[in-house]
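This report describes selected local features of one protein model. The structure comes next, followed by notes grouped by topic.

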Amino acid sequence: MKSVIQKATRIIIKVGSSLVTNDGRGLDHAAIARWAAQIAGLRALGKEVVLVSSGAIAEGMLRLGFERRPTDIHQLQACAAVGQMGLVQIYETSFRAHQLGTAQVLLTHADLADRERYLNARSTLTTLLGLGVVPIINENDTVVTDEIKFGDNDTLGALVANLIEADALIILTDQQGLFSADPRKDPNARLIEHGQAGDPALEAMADGAGSSIGRGGMLTKILAAKRAAKSGAHTIIAWGRDSDVLTRLANGEAIGTQLTAQTGHLTARKQWMVDHLHTAGQVVLDAGAVQKLTHEGKSLLPVGVIDVQGEFGRGAVITCVGEDGHAVARGLSNYSSAEARRIMRRPSAEIETILGYLEGPELVHRDNMVLL
């Protein structure tokens, strides 16, 4: 099987902290220069590239004298603010050596949860790519809190792939790919060369975090591939220090683990709903409503709702869950949470009588819904 990168025209490349900072010993200038040279080669082939890079907190830790990753959120934010300066500087210098411009883009989940900011981020990135610039993206760790942080840059890479409808996501890590067991503990562990993104068996194989520097282990990479596949993006997990890894992938060589997306591109509006890591609230559906949504392609009517959880306004993205708590869909609510509580379990014909107006007979219309 050849690498999917050979035919990809828009690629997201994610580089982890342990690679960028040489396991936390400071920014690895030589490694960054090598990746910049390879990305310049990809640009020469007509490929658009967005780089998602960790390393700001690790570099800040070094500059501020922290031996271990702080647990205090404000110390983490301080490390990010200090480290981001060095991270951007080395990337700018490395890419300028190949006559390529760079742009710093810092994101939080709130930027992608808000429809207007989502569209602004999308437009900015696509404009930068059209201008021949390489966007360097990182989570905005100087302002994140537990409620809005992505949690790891693997997830951020997948969200960016969805945001700009990339063809492929390359996750460069300190392992050669996904193994059947932890190769550091099991000598019989074998490399999984290819698989299907979203396969539950892959998640079972994945282990926890691989280093004390980064936040994402192999499981986050498997889940990122699953998320990226929602918009049709394929994922490759490969060793970042492998010689000319990006160039070889672009030439079709199979390296690391390739996880293939089985679905086509979702529409931009539905992808935006899928990309919500946190939704404003959720509604609990009875078994009949779950059946109509998942198997019959129907809209969600108030009569099928047995509980409304959280507080949300009209037009908010909400999650639809079954009685077992399993999420089945997300969609734009025609009614606020207060209104939804008044009309739940009631037929649509009674909505206008209950509320005094009728926005629509559905709580969530199927055109504004995406199944999970």
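## Two loop residues with positive phi

Aspartate 244 is found in the loop between strand E7 (234–239) and helix H10 (245–250); helices (H or I, at least four residues) and strands (E, at least two) are DSSP runs, numbered from the N terminus. Its phi is near 50°, a positive value in a residue other than glycine. With 42% relative accessibility, aspartate 244 counts as partly exposed. On this scale, buried means under 20% relative accessible area, exposed means over 50%, and partly exposed lies in between (1.4 Å probe, protein chains only).

Glutamate 165 also has a positive phi, about 55°, although it is not a glycine. The loop that holds glutamate 165 runs between helix H7 (153–163) and strand E5 (168–173). Glutamate 165 is partly exposed, at a relative accessible area of 30%.

## Basis of the model

This is a predicted model, in which local features need pLDDT of at least 70 and side-chain atom pairs count only at pLDDT 80 or more, while totals for chains, interfaces and linings use all residues. Residues are numbered from 1 along each chain as its sequence is written, and side-chain values use heavy atoms, with hydrogens and water left out.

## Aspartate 286

Aspartate 286 sits in the loop between strand E9 (281–285) and helix H12 (287–296). Is this residue buried or exposed? Aspartate 286 is buried, with a relative accessible area of 18%.

Its side chain has a polar atom 3.2 Å from the backbone nitrogen of glycine 288. The backbone nitrogen of alanine 289 lies 2.8 Å from a polar atom of the aspartate 286 side chain. Leaving aside residues up to four places away in sequence, aspartate 286 touches Val303, Gly304, Ile306, Glu323 and Arg345, where contact means heavy atoms within 4.5 Å.

## Helix H9

Helix H9 covers residues 218–228, and eight of its 11 residues are buried, so the helix is largely enclosed by the rest of the structure. The buried residues of H9 are Met218, Thr220, Lys221, Ile222, Ala224, Ala225, Arg227 and Ala228.

## Salt bridges

The structure holds 16 salt bridges. A salt bridge is a side-chain nitrogen of Lys or Arg within 4 Å of a carboxyl oxygen of Asp or Glu. One of them joins the side chains of glutamate 92 and arginine 96, at 2.9 Å from N to O. These two residues are separated by about one helical turn because they are four residues apart in helix H4 (residues 73–96). Glutamate 92 is partly exposed, with a relative accessible area of 26%. Another salt bridge links arginine 248 and aspartate 242 through their side chains (3.2 Å, N to O). Arginine 248 is partly exposed at 23% relative accessible area, and aspartate 242 is partly exposed, its value being 23%.

In helix H12, glutamate 296 and lysine 292 lie four residues apart, about one turn of the helix. Their side chains meet in a salt bridge of 3.7 Å, N to O. Glutamate 296 is partly exposed, with a relative accessible area of 38%, and lysine 292 is partly exposed at 42% relative accessibility. Elsewhere, salt bridges that share partners join Lys14, Asp154 and Lys221 into one network. Lys221 is also among the buried residues of H9.

Terms used. Polar contact = N/O pair within 3.5 Å; in protein donor to acceptor, adjacent residues only side chain to side chain.
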